[in-house]
Amino acid sequence: ERPSETTASDAASPLKASDATGHINWDSLGFGVEHIAPIMFRATYTAEDGWQGGLEPYGPLEMLPSAQVLNYGQSVFEGMKAQRSARGRIVLFRPEENAVRMRAGAARLSMPPPPMELYVEAVTSAVRANAAWVPPRGRGSLYLRPLLLGTGPILGLGPAPAYTLVVYAAAVGCYFKCGQLTPIDLIVEERFHRAAPGGMGGTKAAGNYSPVLMTQLAAKEQGYNDVVYLDAKTDTYLEEVSSCNIFTVTGRTIRTPPLEGTILPGVTRRSLIELARARGYTVEEVPIPVADAMEADEVFTSGTAVVVSAVGSITYQGRRRQYGELGRPSPVTLEMYEALTSLQQELDDDPFGWVVPV
Ligand code: COI
């Protein structure tokens, strides 16, 4: 049975809200830098010395103007969350999946992949050191932002001679709109593409995230929360939203675009696929024509930052499709949100072994 919001296990939780900074209002957490945690992990890499580093106060990174990352953009990042669970402990969700993705991105951008043990040690030690910044259960999480940067100097185009792995953290709440699963409004982007076949859309490279700002900001000006991208080849199939993956629901069938190099391989995406199958849904990783998405029963997005976000409407070629009841998440979206967050917060059993105590 699901424990209520305040339970004995919460009482047994090692830290209370007041143990943190004393000025964090856990009820007003958005997704920003207001509550950056005081400790970060930093390690540097050179071919001679390998990886060297550890915990230090959160603060500026020093680098020369000739740093590779500032000139040519050798940079990949990750997003992870540490949360307080119903068992009164702090847990991470599938940290090794993020390590694998960062290693793959490092290889794509000719950077040294951080060893799995180093990555896991970096995120685990950052969470432990900042435990007082992990919100009470159900009120938010400690968002971890691992970065891998080519920080050594270079002038001609080439890989950096030295690299920096950083993990910093911040207490966060909801990404899009607050209020349980308040649906977001999306518009299909008809001019620009996020990624092309053979490019690096499947890499969590910093460079994939600023080109989307122009379209995202234009959409926001028109009252939408974000845009949905279509495939660059045919302008027909859904790809993803600027910061998250996308799913459609039609009856008992859930669909999401396949990973063919242009779409970010989301850890939340993959987890939802497995969770939905375990709950008896048919899940298909197939190209989704935008026309079919407009006719689906429900649409939702997923990501570490957004978790599961209900889509209230999609506008395409001037036509707006409203999904479900105005202002309310549709049932399968709600079920998947509940299933994922209950597992992540150890309200439900974790038959997959995804939840890892720090
Ligand atoms: C995340 O979902 O954690 C991400 O890294 C996406 C980012 C644009 C907020």
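User: Hi! Which residues are buried in α4?

Analyst: Hello! In α4, the buried ones are Y119, A122, V123, T124, A126 and V127. Buried means 20 or more other C-beta atoms within 10 Å of the residue's own, exposed means 12 or fewer, and partly exposed is in between, with C-beta atoms placed from the backbone. Bear in mind that this is a predicted model: local features need pLDDT of at least 70, side-chain atom pairs count only at pLDDT 80 or more, and totals for chains, interfaces and linings use all residues. Residues are numbered from 1 along each chain as its sequence is written.

User: And what covers the buried residues of α4?

Analyst: The cover includes strands β1 (39-46), β4 (80-84), β5 (90-93), β6 (141-150) and β7, along with helix α3 (95-108). Helices (H or I, at least four residues) and strands (E, at least two) are DSSP runs, numbered from the N terminus.

User: How far apart are the end C-alpha atoms of α4?

Analyst: They are 20 Å apart, which agrees with the 20 Å that the 14 residues of α4 (residues 116-129) should span at 1.5 Å a residue. The expected span is 1.5 Å times one less than the number of residues.

User: Switching to the core, how many residues does the largest nonpolar one have?

Analyst: It has 84 residues, and V123, A126, L142, L144, V167, A169 and V299 are those with the most contacts inside it. Strand β7 (residues 163-172) gives the most to this core, with 9 residues. Such a core is a set of buried Ala, Val, Leu, Ile, Met, Phe, Trp, Tyr and Cys residues joined through C-beta atoms within 7 Å.

User: What does V299 touch?

Analyst: Leaving out residues up to four places away in sequence, V299 touches I246, F247, T248, A293, V311, I314 and Y323. Contact here means C-beta atoms, placed from the backbone, within 7 Å.

User: Is Q317 buried or exposed?

Analyst: Q317 is exposed, with 9 other C-beta atoms within 10 Å.

User: What about E346, buried or exposed?

Analyst: E346 counts as buried, with 20 C-beta neighbours inside 10 Å. E346 sits in the loop between α8 (331-344) and β17 (355-357), and its phi is positive too, near 60°.

Note on methods:
Two residues are in contact if their C-beta atoms, placed from the backbone, lie within 7 Å.
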